[in-house]
Amino acid sequence: MRVIATFLAGLALSLSLAACQKSTTSAVTSDDMSLGPANAKVTIIEYASLGCPHCATWNNEVFPQFKTKFIDTGRVHYVLREALTGASNISAAGFLMARCAGKDKYFQVVDAAFAAMPNPELVQQPRDTLLTIAKSAGLTEQQFNTCVTDEKALTAMQTRVDANMQRDHITGTPSFIINGTLHDGEMSIADLDAAVTAAEQGKPIPTGAAGPSSSAAGAASPAPAQ
């Protein structure tokens, strides 16, 4: 009887954990930018904004360890979904520029933008900073200007961002979807380690308490940074 009781208690705990988790059926698309093998057991989708200081903190302090431990070893397929929270004009211009630089340089540009603007809402001359990054990725000033003022590309980005965030119930950035389970806010390397290990084993994913994030509420259609 004790064995049965223990089993039932464990089953109840598993069901309780599953019930508390937020889930989404979000699928990776051709519009997404990603790193790591597409056939990895674990897919982590991060919603991030180049105008979000919490996203910059996570990218600058946690992402290097995350990449080394999980992406470079083939354990995780990492997908970056663009958002326009915080300083939306900086985020829009930065992501447009990253895409113009090409898929092979996309993450190089994004990483440079996060590193150069850890608190983007306080940046006085974002255009100068972004232009420097663009040139380091091989774009000329004319190419940069054309890229960040492309109204068609900007409209497409806004449409894509709105559709993705609404479908996946994203209310702030950074947010992470781990094999379909949503976590709001920053995650530590320990949180990610526990989540990836559980996902690999097919267990409920312990995403932990919500971390700091920038709200998506009231985000307006952005204009490129000047």
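Modeller: Before we start, a definition: helices (H or I, at least four residues) and strands (E, at least two) are DSSP runs, numbered from the N terminus.

Biologist: How many helices and strands does the protein have?

Modeller: The protein has nine helices and eight strands. Please note that this is a predicted model, in which local features need pLDDT of at least 70, side-chain atom pairs count only at pLDDT 80 or more, and totals for chains, interfaces and linings use all residues. Residues are numbered from 1 along each chain as its sequence is written, and side-chain values use heavy atoms, with hydrogens and water left out.

Biologist: What share of the residues is buried?

Modeller: Of the 226 residues in the protein, 46% are buried. Buried means under 20% relative accessible area, exposed means over 50%, and partly exposed lies in between (1.4 Å probe, protein chains only).

Biologist: And what share of the contacts with a separation of 6 or more joins residues 24 or more positions apart?

Modeller: Such residues account for 79% of those contacts. A contact means heavy atoms within 4.5 Å.

Biologist: Let us turn to disulfides. Which cysteines are joined?

Modeller: The structure holds one disulfide, and this bond joins Cys-100 to Cys-147, with an S to S distance of 2.1 Å. A disulfide is defined as a pair of cysteine sulfur atoms within 2.5 Å.

Biologist: Is the disulfide right-handed or left-handed, and why?

Modeller: The disulfide is right-handed, because the torsion about the S-S bond of Cys-100 and Cys-147 is about 100 degrees.

Biologist: Are these two cysteines buried or exposed?

Modeller: Cys-100 is partly exposed, at a relative accessible area of 42%, whereas Cys-147 is buried at 4%.

Biologist: What about Cys-52 and Cys-55, buried or exposed?

Modeller: Cys-52 is buried, with a relative accessible area of 0%, and Cys-55 is buried at 0% as well.

Biologist: Back to helix 4. At what angle does it cross helix 8?

Modeller: The axes of helix 4 and helix 8 (residues 151–167) cross at roughly 110 degrees and come within 11 Å. Helix 4 is therefore roughly perpendicular to helix 8. Axes are lines fitted to C-alpha atoms, for helices over the stretch in contact, and angles run from 0 to 180 degrees between N-to-C directions. Angles under 35 degrees count as roughly parallel, over 145 as roughly antiparallel, 65 to 115 as roughly perpendicular and the rest as oblique.

Biologist: Which residues meet there?

Modeller: Helix 4 contributes Ala-92, Phe-95, Leu-96 and Arg-99, which meet Ala-153, Leu-154, Met-157 and Arg-160 of helix 8. These residues divide into six nonpolar, no polar and two charged. Here Ala, Val, Leu, Ile, Met, Phe, Trp, Tyr, Cys and Pro count as nonpolar, Asp, Glu, Lys and Arg as charged, and the others, Gly among them, as polar.

Biologist: How do helix 2 and helix 3 pack?

Modeller: Helix 2 (residues 53–61) packs against helix 3 at an angle of about 50 degrees, with the axes 4 Å apart. The two helices are therefore oblique to each other. Trp-58, Asn-59, Asn-60 and Glu-61 of helix 2 make the contact with Phe-63, Pro-64, Gln-65 and Phe-66 of helix 3.

Biologist: Where is Phe-70?

Modeller: Phe-70 belongs to helix 3 (residues 63–71) and is buried, at 0% relative accessibility. Beyond its neighbours within four places in sequence, Phe-70 is in contact with Arg-75, Val-76, Ile-189, Leu-192, Asp-193 and Val-196.

Biologist: New topic: which side chain does the side chain of Thr-85 contact?

Modeller: The side chain of Thr-85 makes a polar contact with the side chain of Thr-173, at 2.5 Å. A polar contact is a pair of N or O atoms within 3.5 Å; within protein, one must be able to donate a hydrogen and the other to accept it, and residues adjacent in sequence count only if both atoms are side-chain atoms. Thr-85 sits in the loop between strand 4 (76–82) and helix 4, and is buried at 2%.

Biologist: Is the peptide bond from Thr-173 to Pro-174 cis or trans?

Modeller: That bond is cis, with omega near 0 degrees. Pro-174 lies in the loop between strand 5 (172–173) and strand 6 (175–178).
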